[in-house]
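Trainee: I'm new to reading structures like this one. Could you walk me through it, one feature at a time?

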Amino acid sequence: MTPIQQMLLGVGGKKKTYVDDVFSTYLYTGDSASTRTITTGVDTKTDGGMVWIKKRNSSTNSDHTLFHTGLGYNKNLSTNSDAAAASSSARFKEQLTTGFKIGSDGTVNDGHSGVGDTYSSWSFKNTKGFFDVVTYTGNGTSGRTVSHSLGSIPGMIIVKNYGGTNNWAVYHKGLPDGSGDVLRLNTDAAKVNSTGWWNDTDPTASVFTLGNDSEVNGNGDTYVAY
């Protein structure tokens with residue numbers, strides 16, 4: 001077992017949780033099956049989580065495709081696009097206790113003429129101290145807090161308005177001004193410094209704080225935070 005596989009996410013006499021239990025990088029080749037099970041060994045169904053898929057060998061239909069708890073099995077987001085969540089029953093079918101099910105859409109499972117494209121998938125299980133998926137509705141008010149279940153202070157937060165056309169907003173503790181800075185996941189733009197995103201307030205082990213920018217907190221808009 002490698003050092004990474006031995007890394008503990010929980011200590012203090014609790015049951016040991018290994019990275020392999022809550023995160024997976026899994027490679028596969030497309031076969032265009034209308035329903036296909038990908039077995040990764042990670043349970044993103046019971047406690048929730050997120051699956052991220054990317055075609056590796058072609059620029060055709062090569063969006064980054066994300067599926068997560070609370071979005072709905074037939075909806076997906078693309079981190080390289082500012083588009084709202086798209087519906088496609090041919091992309092994602094179901095989160096499973098041992099992996100996930102996909103359809104025949106080229107972004108996730110193209111087997112074109114028997115020579116399948118190759119894909120990478122990354123599965124993240126909701127786990128204290130590691131990863132959490134949170135959905136919320138914006139209120140347009142600076143200082144609004146959103147609860148999370150991480151149980152520790154997040155080092156990185158990625159937010160998307162999944163009901164509308166907005167950039168992906170990224171907080172990272174390593175940015176020069178921390179909660180005063182924002183990056184956009186879907187663009188190559190430099191960081192922006194403003195209170196409009198994180199309200200110049202660092203996240204805590206139970207909540208993160210938002211400004212009033214529409215990318216993270218538009219009144220009545222629906223959001224997901226990873």
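This is a predicted model: local features need pLDDT of at least 70, side-chain atom pairs count only at pLDDT 80 or more; totals for chains, interfaces and linings use all residues.

Trainee: Which residue forms a salt bridge with Lys-55?

Mentor: Here's the general idea: side chains of opposite charge can pair when their charged atoms come close. In this model, Lys-55 forms a salt bridge with Asp-117, and the closest N and O atoms are 3.0 Å apart. Lys-55 sits in strand β3, while Asp-117 is in the loop between α3 (106-109) and β9, so the pair ties together parts that are 62 residues apart in sequence. Asp-117 counts as buried too, at 5% relative accessibility.

Trainee: How many salt bridges does the structure hold?

Mentor: Seven. Another one of them joins Lys-125 and Asp-47, with the closest N and O atoms 3.9 Å apart. Lys-125 lies in strand β9 (residues 118-125) and Asp-47 in the loop between β2 and β3, so this pair ties together parts 78 residues apart in sequence. Lys-125 counts as buried at 18% relative accessibility, whereas Asp-47 is partly exposed at 46%.

Trainee: And what about Asp-181 and Lys-191?

Mentor: Their side chains meet in a salt bridge as well, at 3.3 Å from N to O. Asp-181 is in strand β14 (residues 181-184) and Lys-191 in the loop between β14 and β15 (192-193), 10 residues apart. Asp-181 counts as buried at 0% relative accessibility, but Lys-191 is partly exposed at 37%.

Trainee: Let's switch to the nonpolar side. Which residues have the most contacts inside the largest nonpolar core?

Mentor: In soluble globular proteins, nonpolar side chains tend to be buried together. Here, the largest nonpolar core has 15 residues, and those with the most contacts inside it are Tyr-136, Val-159, Trp-198, Phe-208, Leu-210, Val-216 and Ala-225. Elements that each supply at least two residues of this core include β10 (134-137), β12 (156-161), α4 (195-198) and β17 (222-225). There's also a second, separate core of 14 residues, with Phe-131, Ile-158, Val-170 and Val-224 among them.

Trainee: What does Phe-208 touch?

Mentor: Not counting residues up to four places away in sequence, Phe-208 touches Tyr-136, Arg-144, Thr-145, Val-146, His-148, Ile-157, Pro-203 and Ala-225.

Trainee: How do I read the two faces of a strand, and which residues of β2 are on its covered face?

Mentor: In a regular strand the side chains alternate between the two faces of the sheet. In β2 (residues 36-39), Arg-36 and Ile-38 make up the covered face, with Thr-37 and Thr-39 on the uncovered one. Four bridges join β2 to the antiparallel strand β8 (residues 99-102), where Gly-99 stands opposite Thr-39.

Trainee: One last stop: where does His-64 lie?

Mentor: In the loop between β3 (49-55) and β4 (65-68). The side chains of His-64 and Trp-52 are joined by a polar contact of 3.0 Å. His-64 counts as partly exposed, because its relative accessibility is 24%.

Definitions and conventions. Residues are numbered from 1 along each chain as its sequence is written. Side-chain values use heavy atoms; hydrogens and water are left out. A nonpolar core is a set of buried Ala, Val, Leu, Ile, Met, Phe, Trp, Tyr and Cys residues joined through side-chain atoms within 4.5 Å. Buried means under 20% relative accessible area, exposed over 50%, partly exposed in between (1.4 Å probe, protein chains only). Contact means heavy atoms within 4.5 Å. A polar contact is a pair of N or O atoms within 3.5 Å; within protein, one must be able to donate a hydrogen and the other to accept it, and residues adjacent in sequence count only if both atoms are side-chain atoms. Two strands pair if DSSP finds at least two bridges between them. A salt bridge is a side-chain nitrogen of Lys or Arg within 4 Å of a carboxyl oxygen of Asp or Glu.
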